[in-house]
Amino acid sequence: QHIPVYYPNRIVFTNESRPFTIRVTRFICTETPYEVSELLQCKTVLRRNSPTYLNLTIHVPKVLNTLYFQVKTYYRLNDYQAFPVDVLLEACAYFRNPSEDIFSRHVMSVFFATVPQLLYYCPHGNRTYNVAYWLEDKFFPKSVPAGDYRQDVWFRDELNKTLLSYQAYFSVRRRDMDKIRNMTDILHMDRSTHIVPSPAGFRVFGKDFEIHFDRINVTNGAGGDDGSHPQEDYTPTLVKRKTYVWEITRRQPTANITVPVFLGKHEKQSIPPFQNAISPRDSDIQKD
């Protein structure tokens, strides 16, 4: 008889809305065929208006009293680069004595949300597992940068032989990009646009632009019993964007303009400030 894992007051997720959306494009089972297990099904199921999920069936004939779990996350720039989130734990020992490590708690919280029927004390194995697993917005911290990701997952036995491994490909898209467009007049934000934290707030980088946002405190007078509450917000303070020949006078070369921003609006300048511009080339200047 399987005894469910007792895990009180350690679930880290809330139902608060996130400033982004998660879109999983595919799951792929890797390192197949396995030596100590038999993969019967590994299928990505796309659903309209619902999270994409992994439909998985795997038979594990041996009894497992030691089960290693590892997850690595990668962020795609030109290629996939390692993200500073790497979890490796021995699941049987963790079930018996859960730690307060935030990353391990996070992984367990995902499992309780998706596959609670599989969270029981060891021994595991000697059975066929049928799993429907997915990723959704609440599984990620609010500060996760926008972009494309790959998550690699392994389950291994006591001899470090792979029982199951898969990759999840997904993208993070910020909902606040529309607000950034409206505040800065930057209308075109493609897939390369991403947000990076800074000491003063954060910066938005795109293919042809860069925007600096600084942290400010605003007062919300609609609060509760103790009156006004200072709340954190951000305001754009600097916009760097590429201008083109058709945006400036006919005889001016293409330049990168750095424009200070005040309260969300930037000042128009008729002539680019060349101290902040790319050095003009002869070929950029039209001759009569």
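Why is the disulfide of Cys-29 and Cys-42 right-handed? In this predicted model, the torsion about the S-S bond of these two cysteines is about 95°, so the disulfide takes the right-handed form. The sulfur atoms of Cys-29 and Cys-42 lie 2.0 Å apart. The link connects distant parts of the chain, with Cys-29 in strand S1 (residues 20-29) and Cys-42 in strand S2 (residues 38-45), 13 residues apart. Cys-42, in contrast, is partly exposed, because its relative accessible area of 31% falls between the 20% and 50% cut-offs.

The disulfide count comes to 2, and the other link is formed by Cys-92 and Cys-122, with 1.9 Å between their sulfur atoms. Here the angle about the S-S bond is -80°, and the link is left-handed. Cys-92 belongs to helix H1 (residues 91-96), whereas Cys-122 sits in the loop between helix H2 (102-114) and strand S6 (124-134), so the pair ties together parts of the chain that are 30 residues apart in sequence. Are these two cysteines buried or exposed, or in between? Cys-92 is buried, with a relative accessibility of 1%, while Cys-122 is partly exposed at 21% relative accessible area. When the bonded cysteines of the chain are numbered in sequence order, the pairing reads 1-2, 3-4.

Strands of a sheet pair through backbone hydrogen bonds, either parallel or antiparallel. In this model, 3 strands make up an open sheet in the order S2-S3-S6, and their pairing is antiparallel. Strands S2 and S6 are the edges of this sheet, each pairing on one side only. From one strand to the next, the twist averages 15°. Strand S3 (residues 53-64) pairs with S6 in the antiparallel sense over 10 bridges. Within this pairing, a handy reference point for the reader is Val-60, whose bridge partner in S6 is Arg-127.

Key: Residues numbered from 1 in each chain as written. Predicted model: local features only at pLDDT ≥ 70, side-chain atom pairs only at ≥ 80, totals over all residues. Heavy atoms only, no water. Disulfide = S-S within 2.5 Å. Helix = DSSP H or I, 4+ residues; strand = E, 2+ residues; numbered from the N terminus. Buried < 20%, exposed > 50% of the residue type's maximum accessible area, 1.4 Å probe, protein only. Pairing = 2+ DSSP bridges. Axes fitted to C-alpha atoms, helices over the stretch in contact; angles between N-to-C directions.
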